[in-house]
Structures are given as structure tokens and as C-alpha cells.
Amino acid sequence: MAEPAATFLAEAVHHQWTAFPELSNLCYVHGRPAGSPAATVTVPVRPERAELRVWEGIEMVKVGRAQVWRRTSGAAAPHRYSAASLVRHGLTHEPWPRVWRQVPLRPAYDAVIVGAGIHGLATAYHLAKDHGITKVAVVDRGYVGGGNSGRNTAIVRSNYLTPEGVRFYDRSVKLYEALSAELNFNVMFEQRGHLTLAHNDSSLRTMVWRAEVNKLVGVDSSVIGPEEIKRLVPYLDTSTETRYPILGALYHPPGGTIRHDAVNWGYARAADALGVEIHQGVEVLAISTTGDRVRGVVTSAGEIATPIVVNCTAGHASLLCDMVGVSTPVVTHPLQAAVTEPVKAFLSAVVVSGSLHVYVSQTDRGELVFGASTDPYASYSTRGSLEFTEELASHVLALMPGISKIRLLRQWAGLCDMTPDFSPIMGITPVEGFLLDVGWGTYGFKAGPASGEAMATLVATGKTPELIAAFDLARFAEGRLVGEKGAASVGH
Amino acid sequence: MRPVARRATPTSGRLGPRPGEVIDRARPLRFTFDGRPYLAYEGDTIVSALLAAGESVFSRSFKYHRPRGVLSATFFDPNCTVQVGEEPNVRGAHRRVRNGDVVSAQNVWPSLRYDVKAANQAVGRFLSAGFYYKTFIKPEPLWPAYQQVLKRFAAGGVVGADDPHGYYDHRYAHVDVVVAGGGPAGIAAALGAAEAGAAVLLVEEEPHLGGHLRYGGPEALRLLGELRQELADAKGIEVLTDSVATGRYDGNWIAVHQRSVPGATERLVKVRAGALVVAAGLIERPYVFAGNDLPGVMLSTAAARLVNLYAVRPGTRAVVLSANAEGDAVAALLAAAGVEVAATLDARRAETVVAARGHGHLSSVETSQGRVVEADLLVTATGWTAPTSLLNMAGVRPTYDEAAARFVVGAEPSPGVFATGGLVGDASPEGLVAHGRAVGARAAAAAGCGKGAVLPELSPGPHPALFRSTTHGFVDYSEDVSSKDVFQAAAEGYDSPELAKRYTTATMGPSQGKLELVNFLGVLAEATGRSIGELGTTTWRPPYAPVSLGALAGRPHEPVRYSPIQPYHEAMGAKPLVAAQWIRPDHYGDPDAEVRRVREAVGLIDVTPLGKLLLVGKDTPALLNQLYVNKWSALRVGAVRYGVMCAEDGVVFDDGVCGRLGEDRYLMSTTSSGAGAVWEWVERWLQTAGRHLDVYVTPLTTAYASINVAGPASRTLLSRLVEGVDLAPEAFPYMAVREGSVAGVERCVLWRIGFTGELSYELHVPAGYGLFVWESLLDAGSDLGVGPFGIEAQRIMRLEKGHLIVGQDTDGLTQALGAGLDWLVKLDKADFVGKPELVWQANREDYDRLVALVPTDERTVPPEASQLLGIDGDIVGRITSSRHSPTLRHPICLARLAHHLATPGTVVRIHLPDGRDVPARVAETLAAYDSEGVKLRA
């Protein structure tokens, strides 16, 4: 690998070819990402051997096996994905452009968003798109979507319990419905229907409660009986002889599943196209303040000056808050999940059982994805336990006795920043410029689009949008809790 | 699209007897594959039997539906997954044939030989990595239809809704040392540990011990024979074959999945071990080149297994690509087995395969020297993958050894966790045995047995780094991911292992990356110009090998709790009610009649599930003062008091009564659903903030059967059976407790309390006498009109009386003052759990109140959870309890209501689930029946 790529790039920069005015605008160098340190090596290359190829929105200079790519049409007209583009790339073997750029960290930004998960990326996207604020850095100590945004079980729904909650999550469902087109990235949202089973009269009462609140807020939910449940999910044992008979279910047709990685990547790509910078592998070490104002961020890649820091982390939200002395009632618990080998499709809806602490859906690939309630102890560990898989299996088989021969393939855990009322914390803090989008417990992924939109408005206007006003940090001190435990403790 | 031709002359077939073969030629078995009959020998895998019969295609690939044959001939062979009867995703290269097995190919339509979806190969260039993210975006209304098509491509077998569950077993084991892997190093480790006196569990994935010795040459078989003999003579070693250690959790808590076990479908063995030795061996790595997935292209270990274990000739004319001694040995083995070895390519001399060609089966191989060699078998030996999964689960991070071209670990990577064999390094079988023996002794020492041993040197030898040839081929067979896809992912910016893995789905399939991971990293390293060491790797997560849900679940362990009086309830045909762990009588046919019986005469209800805790010790009042919101210091012996517990946030947590039986003896009752939680709560306080308190807690919930005798005639009834207690109202007043005998049963506790609002007594009878006392009461009171009543009647009566049920009339945010408990909460107490929150609540007005509502339309009983609406249609509360009162003959409700509307007389709007709105009035008091409490005190 020593030969062409690095040396060619170095040459391209060294000779200041007009086509390549700055390193940060280079999309990709064959064999080595643009901006990597080795690119500073200078080795002579004869420019007359260069060959320029031009496509719509992108061009390439080629010398031997070395290639340098760059976008020509700039931020306003990103590469479009479509069936036609698939065919064109298939025919021409023209490479796809990078989904997001890799650029050096700048010394100052208008806003720094910590956490390149769905919340951070959606906030950045809406800042750029809705408010024209593009001098924004999203920093993450890992990779895009590598935290809870890539560990959750990708269920989207809005059948919550409080009017504030239902309204908020419904906005998110609405944004999800349009997201593939909005981002030009197929996020594979499938509104397959969401069933929360009731095995006793008290949970049936809670289902009616949720259905009634949902209907009044305009969200499609209803309580259905065992026959209808059997029709929707034939593999469920709806006989009355079981240990936990199924008495009814809260049926929420708009609920469903989504491809979580696609959402993360789609937001990252779209935000990047609008000029937002995404910095992977950059850890926030400290947040500097003057008085009660944010001044900047100290990162593992250097210091950044910024008046605004948005905490969009999950799993470690309270640790970041500690850096500026903001106290939150967040306690972090692991939440485990597991996936099986694929089998042919047999389960269309998402099925949740609160009494049995389990929920299950089947992916397009045929795998069953399982989750449960959070682990009972506080921890930052993302390892799975054997007991979790044992309980999970016995509970799933109590619901669907026919599937005992399916094999569990992989188990993992995410971290849930739990709040006392099972609702998130969004909004301002006593430290000016330090904003929170945290405390997402077990319901963060489904909320990403709505919180991103609202948080961007808050950053841009300084005013808290009505949609998220109920979820402010001050509610814990003022006794205005938004109790969602009844709708969020198992069925995430 | 063309069918895979059935070859006139099969390329594979059965050889004469081999010295190490595991088949029993005297025991033929019959089975079918896709409807056609086949013969096998006992010991054959499904795939070895089919190969012996000349078949070479066992599956179609996930995305392109390419025909696939044997690759590794192990459990992890991604191409040999079949359906066996009702069981999906069976590993055909591992599963032994059983007589009568009905085997079918998966992921084919309409058949294995002629698969229409193979048309995907023609458009493969448009189906590159992540293609689905880039299309089907518009028009949006069509996406659900596209998605249904995508779902049809889901790989895997079929399960049925009514498939039988099977008998799955769980077992616990407590041993000093678990050895995962029964090859030479693993056997030796078990021997070394046992010699030191350790109890050892040796777990081997294959049906026989021996690892690669089993399919090695005569020397290997001789050594294996010696090891087996030594094992047979050793004491303290239990061997589990066809079993796999699937997970290592904290504290060497190890899961072992036994796939075949007499008398059960499968078994999960849960082992707590002093030390774990991982001797998983090495997995041979495929090589990436064009056509590397054609049937006829296989790993050298696969060829050796087929020839030596199953006496199957894998082809007739072979090309061997070898980078190591093992590969060279397989070339010789094939020649000796009658396979013509047409070419041997030495990868150490930069000779390699450029492409494998053929239609449906390998027919020729293009070499780097430009030759095209006709062949129906291509064997590759290009390197190894270290399956370090169990070690990763123990927090160990293997390092990538550039010279050896594989990940390696040390022999003692973590306290209590050891490794030996190929994971650590390369050596002769004797060298591996010596290392294994020493590691076993050291593991035993770590578990407290013996003094350990000196560790011989073991390190990996050099090996060329071979991942990909000059052409593109498959990196992940089970996911149909090619090296081109990995290059594309890197070019698009998915250039870290995790992102590229997620984008291409490489390593995410059923073989969990065991064959694919290092090639994936190697290709990604090539695509990004970095080294594997720089890239890092993805995380191996449990389980090591897939485990059936049945094995994880075991037998059902969801016990049902019944009261000792259950035989009576059943005999009376009571309607069962599932109440958490308990099954209780909801009613005996007519709840309204049961209510009338209690209101007018006397009834019995079985309240055994009520939680009961015996508290003994002089500091019990201090504990009660801390946990309840009211005061307990002045409770006299013989008195009972109602109490409510709140959590630290002031939210109502449980309620019940507590009585003082003697100087330092108290009996606390809890709600039925709160029995477990309150016990934990009490213990938690005693073990944290209350460690100085002299209180001992004993849960007695099921030690007593509990019977509530309620109704105006209850005293008369009891007077006929109770001895040793003066039942006169002055001697045994309301809210008092006595101990005495009932129907001759001694040491019963009698409480004069009542949830129904009538004169009533709660009897706690030693559980064994519960049914006897119940029937005695019925017999003794027949002239009084006594009869049973169920939960439903009790709920109606408590609602008439305005008694709340915690969790129904309160919710996760209801603090005590919002539950109508102002009269009970004593904020002047020095401290109690939840006090700061309740002090704060007392200074506010804005919390919801618990109110009684009377719908003005007497015919409408609003369903529980109906919402209450304000003038603007906003939600101002909800109905928490609602019944038609047979006593008052109108609907009665409890509701949570916004404070500004909670004044008696206010009319609110109930929004019914059917969409109608009905008005209701806020009542003066929660109790609609006997609000003065006269009857209770009678």
C-alpha cells in the first residue's frame, strides 16, 4: 500500500491543483481517507499522467491506481440515492461518494453537539436545515451510531400514557413516516402494528387508560380482544389454559420498527451535506465555562471555542453534566437485548408483554429481536447475563410455545439513563449555553426526530418549544413530573 | 436461473474403511433429503451421507441464491444449514443422521436445484452492500409492498405455531475447572487439572474428543489413543460431548449447551467454576477469490474430516492451495485416498488461485501462473482464525500478531481464566499436550487444588497473511457479502470495523463471524490502507454458538400459587382470577348476590394471598414509624392500626394493617400484590439505614390461610367456633387483635377489621387447617345464611365504602395527600420515608385528588380508565374504579381529578371509550355506604 494513494494525495496538495484547493474538501482517496496524517508525505508524481473524470456532483483525478475524489456541486446538491443511481453505479462501477466527510477539527463552532447518535445528529440536521446554522460540530468518542442508537431494538410508537408524552412521541412518528424521503436514505420504517398484551385485569385497565388518552390526543390506539389478537399474531397462544392468559391488548397500528443504523447514517449524511461536521473518535474531556456561561469544549483532539454545548449523550449523560456542575436525577441502568437466527417470516406485529417482561419483533431478515425491562441495578456495563436469556426464553415460549427450536444468536446490552418519572430531560440548565437532551431511558430512539427538531429550535431561538416544555430539568425541583412508567417500563 | 445439473458421474463418494472413521458400516440408516431417500451409516452427518451419495449442493445463499456446498464440514459451516423435520437451521455438517430424518433444503424456491431467485445473481451488481438504503425511497406509499418482497428473502428455516415444545432440562454443576474444547490441549488440560485433584468438566463440541487429532495421520491417532486411555483412567473428569460452552459470565459462571443428552431434547448446564480453560483450537480461514463459494471449493480441514472421519472422497481431481504444513498434508492425504491432485499451489511462494469457475459446481481453477486447471475439488489452506469468543466475554482483548496473521492470547490472560492450544500458539501435538497439561495444573491451582506447574513456551509460528487474492470473492458466505462490498463500504465512509460490519452485515449471520471475521478485517484493512492491528476488531458477544430458546428456557418455572382452600373454590366452580402469582376465586356465579349476603347476613372470603410479616424485637415501633406515614409508638398490645407506606418520593407504595400481638411481637399485613415488595423494602431498611434496630422479620404469607368473615352475623358465627377470645364488642372492639382457637385449631390470629365496611373479622389460621376452618365456618353458619364471596364482591363493597386500592386508585405519581390520606399522614413525626416530599406536597395545592364520582345517568357504569374532560376538552382526570352498586342501586366510581375541580358538587364530563360523554357529580365523601363507620364498629 506504500505506493500510490498517499503519495498521490500529497502531490495533489503540494502542487495546489486548482481542482483541489483544500484538504477538507477531498472526499476520498483510494486506499486512505482524506485528511489522514500520512497524506502529508511528499513524493514526486508526474501530473501529466493524471486523468480527470467527471460525473454529476463528483469528480475524480486518477494516476495509475491512485484516485482522488471530490464533490463538485457543493453542499447544496448532495449525491442523490435512487433506483436509477443504483443502476448507474452498477453499470459504470462508478464509486459511491462518502456518506459524510472526514475533516480536521476547527478551533471554533457556533454549537458543539456531544454524541453522534440519533439525538445529536438529528439536532445538527435540523439546526442546519431549519435554521441555517451550519457551523456545527457533532463530536463522539466512538463512531456514528455506536452507542445506544445502535444498540436499541428499533421500535417506534407513540402509545404513551400522558398527554404530553403522547403528543411528543406522535410528532416523532410523523417525522419518521416522512424520514426516508426527507433524508434521501431508506430507513426501512415499517408500521407493522404494536401490541401490548394484558394478562390480568390491572394491566388491561392500564391499556384502556392509554388507549383513551391516545384517542383524545389523536393517536390511533385501541384495546382489542383475544380473537383479534390471534388474527394479528397467529403464533401467540391465546387459549385460556395458559399460566398467563391473554385477556386483551393495546393495539397501536402506527407503531412498528425501523432500521436504526439507517436512521443514524441518514441523518449524518444529510447533516454533513448541509455543512455540519461529524467528528468520530473525539472525546469530550472538559467543558470550559466563565461564570455560568459555556465558553468551549476540551476534547481529545484539541480545544474548541463555542457558546453552545448540547448534551446528546446516552448512558453517560450524568458524567457530562458533572463537567459543568449540572445535577440531574439520572441513574444509569443496563438494558439487555438479544437476537435469534433467522427463520421465515411468521410474526408481523411487535408484541410486548409487561407482565412477562419481554417484547419481540421479527426483522425483515427473519431474526427475532427481543428485549426486556432494564436490569434492576445501576451499572455502566454493556455485557449480557445468562439469567436474562433464560428468563427471556421462558417468557417468550410462554407466549409462543411453538418456537422453542429457534436459536438465540447474540445478546448485548445498552445503557439507559433513567429518570424518576420515565420521561426525558430536554431544555436549558442553570449553565447558560449548556443544553440537555438526555435521560432517554428506554425510549430515546423513537424520540430522535422530534427531539432533534425541538432542540434545534431551542438552540437557534433560545426559546423552549411548547412540545418539549413539560420535559425540562426544573420539573424535578418544581414537582411537575410526567409519569410514563406505566407505558415505558417494558414496552420500549 | 438455470438448474444446477445433476452430475452423471458424482464427484464425491464413499471410500474404503479408514483407520479413524467414526461411521459404523454395520448400522445403516435411512433418511430423506428434499423427498428423495438416502442411506447413511450410524455416525454420518447429514452432509457426509449426502456427499457419499454424490450430492454436492446443500443450500442456496441468502441474497443471490447461489448453490452452496461444503466449506468447513463443521458446526459453523455456513453452507450446510438444513431443516430437519420441525427443526429449522440445523447444521447439516454437524448433526448426526437419525433413522427416518426428514431433511429439506432451506431458502430455496421452488427447489434446491432450480431456484428462481438465483436470478438475483444476474442483477447482483445493482444489489451491492446497503443497496436497500439507497432505493425504494419514493414513492413512499409503495414501500410497504417493497418490504414484503424483501421479507421473502429472509433466510432460514420454518417454525410452526403448534410445533411441540420438547423436554428441555437445566442442570447446575459446581466444579473446580471447566475446560472448553476437547482437542489435544484441552484433554491434556483436563488431565493436568485432575492430577492436581481438581473436579473437571471437559466440554467438546463434536461427538468425540480429539480435535484435529481425529482426522490427522497415524501418529495423531496413536497419540489420541493414549490420551483417551489416560482419560479413562483419570478420576474427577466429567466429559460432555456434542456440547459447547456458550457463554462465560462474571465469576466464571459458565453456560454449557448439551445438544444431545439421553432423556431430554437438550440441556443447559450452568456451571460455577473455580477456573476456566479455553482450548477452542483454531478455525481454518477461507480464502477470498472469485468463485470461492462454488460447491467443490473447501477448506483443507474439511477435506481431511471428510476423508478420515466419514470415509468420503470429496472429489476426483483436485487443486490444492496451501500455505502451511497442514495443507501440504491434506494434498498427500487426497492423493493417498485416490483423488488425482492436478496441481498444488504453494502460497508461501506467492502461488495462488485467481478464480474458481464452474456452473453449479467447480469445473476449473485459474491460477496466478496463468494456468487453467480442470478440477472438481479445490482445497485451500491459507490460515487460521482464533475463536477467542469466551475469552473476550471474560474481558480479555486478544492482540493481532502480524507475523502469525492471526489474533493470539497469553496462557493466563485474566485471573481465573486460562487459554491453551492454538489460541496461544503453534506446536506439535506433543507440544500442545505438554502446554495443556501445565495450564490445567495452573488452573487447578487457581481453583485451590495443587501447586501448579511450570508453563512451557508456546507461541505462534510465522504464517503468510493471506486474506484475498487479486479477485473479489465472498467474505461472508451466510450473508452473501463479497470483498467488493467491503471495499465499497470503506469508500462510502463506513470505514471502521463496526460501521462496515453494520453496513455490509458481514459477520452478523448465523456463523457469527467465526469463519469470516479475520477475512473481513483483512479486506477492510486493504481497502483503507491500514493494518488489522490499527483497525481493531468488533466485539464477540455471547453465545459462542447459537442456543435454542427451549434449552435456555428449560422446563417451565412459573409456579402458580393456590391457597389451601382452593379445593373448595374448585368444587364450587369459582371463576378463577389471575392475580400475579396467585389464582384466586373471582366469584362463585353471582357477585351481586354475594354482596347482598355480606351486607345482610355473613360471608367468607379467602384472603390468603395477603402479605403477612412477623416482626419481632424491641425496636419494631421505630421501624414502623420509619416506614409508615402514621405513628406507631403508642400502639397497645392487642391493638391494630391501618398504615400506608410511601417511597422516598412520597408516592404511595403499599397499605395494610399491623397489629401488636405481644410486647415485642407485631404482625404486619400488606396488599396481596405487594407481599414480596414490602418484605424486600423492610429488609432493605433494616440492612441499610436501620442496621442498629433490633427487629427480626419472618414472612408468614403462606404459613397462614387467611379468611375474612364479614357481615352483621359474623360475630354470631364466630361465637360458635372461637375459644379463648371474648368476642363481646367491648372486649374485642374494632381495630383490635386477639389470639385464640377457631374450630379447635389453636394459635389463630383474629383481627377485627374490615375492607367491606361491615362488621368483620380476619382469621389467620395455620395453613394446614385452612380448608378445615373454612368448611367448619360454613357448616356452623348454615342457619345464618353464610356463604362464600369472591374478589369481585369484595371490590364492589370496598368501592361502596370508598376504600382505595393502591396501584388502581393511585398510580406511579400519586403522593399520599393525593390519595385522600391527609388524615393519616403525620408530618409532625421526626422522620419517615417520603416525609420531605409530603411536606412539600402539603404546601401546594396543584396535585390531583382522589374523589368519589356519581354519574348522573344511573344506567351508565363508566368503564374504568375512562377519561375526565374539562371545559376545553382537555384531560382533567380519569375513572380509577367503577362498578354498579347492588346496595345503592346506582353506579359508583373513584376517580383522580384535577384539584380545581375536586370540590364536592362539581359536575365533570366522563368521556366513555365508546365516544359518548356523560356527566357525573363529585360526591361529598369517598364512602357512599355507611360513611360514619357505624357498621364496622357494631
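Hi everyone, let's begin with the contact between the two chains: chain A and chain B bury about 8,800 Å² between them, and carbon and sulfur atoms give 56% of that area. On the chain A side, the residues that lose the most area to chain B are A:Arg243, A:Lys405 and A:Arg407, which together make up 9% of what that side buries. Please keep in mind that this is a predicted model.

How many residues does each chain bring to the contact? Chain A puts in 98 residues, and chain B puts in 103 residues.

Now for the polar side of this interface. Between chain A and chain B there are 9 salt bridges. One you can look up on your screens pairs A:Arg205 with B:Glu864, side chain to side chain, at 2.9 Å from N to O. Polar contacts across the interface of chain A and chain B come to 41 residue pairs, with both residues at pLDDT 80 or more.

Which elements of chain A touch chain B? Those giving two or more residues include helices H2 (83-92), H4 (163-177), H6 (201-217) and H8 (260-273), along with strand E21 (407-418). Helix H10 (386-399) is also on that list, and H10(A) gives the most, with 9 residues. By class, the side of chain A that touches chain B has 48 nonpolar, 25 polar and 25 charged residues.

E21(A) is joined by 2 bridges to strand E30 of chain B, residues 547-548, and the two run antiparallel. In that pairing A:Arg407 stands opposite B:Ser548.

Next, let's look inside chain B. The domain assignment divides chain B into domains 1 to 6, with domain 1 covering 13-119 + 286-343 and domain 3 covering 467-553. I'd like to focus on that pair. The centres of domain 1 and domain 3 of chain B, taken over C-alpha atoms, are 24 Å apart. In the contact between them, domain 1 of chain B supplies 22 residues, and domain 3 of chain B supplies 22 residues.

What area do these two domains bury? The answer is about 1,900 Å², with carbon and sulfur atoms giving 62%. Three residues of domain 1, namely B:Phe76, B:Pro286 and B:Val288, account for 36% of the area that domain 1 of chain B buries against domain 3, more than any other three residues.

The rule finds 1 salt bridge across this domain interface. A salt bridge also links the side chains of B:Arg68 and B:Asp480, at 2.7 Å from N to O. There are 13 residue pairs in polar contact between domain 1 and domain 3 of chain B, both residues at pLDDT 80 or more. The domain 1 side of this contact divides into 12 nonpolar, 5 polar and 5 charged residues.

To finish, back to chain A and a run of hairpins. Strands E13 (284-290) and E14 (293-299) of chain A run antiparallel, joined by 6 bridges, with A:Val284 opposite A:Thr299. They form a hairpin with 2 residues between them, and A:Gly291 in the turn has a positive phi of about 60 degrees.

E14(A) then pairs with strand E15 (302-305) of chain A, antiparallel again, over 4 bridges. Here A:Thr299 stands opposite A:Gly302, and this hairpin has 2 residues between its strands. Thanks, everyone!

Key: Residues numbered from 1 in each chain as written. Chains lettered and ligands numbered in written order. Predicted model: local features only at pLDDT ≥ 70, side-chain atom pairs only at ≥ 80, totals over all residues. Heavy atoms only, no water. Contact = heavy atoms within 4.5 Å. Buried area = accessible area lost by both parts, 1.4 Å probe. Salt bridge = Lys/Arg side-chain N within 4 Å of Asp/Glu carboxyl O. Polar contact = N/O pair within 3.5 Å; in protein donor to acceptor, adjacent residues only side chain to side chain. Nonpolar A, V, L, I, M, F, W, Y, C, P; charged D, E, K, R; others polar. Pairing = 2+ DSSP bridges. Domains from an automatic or database assignment.
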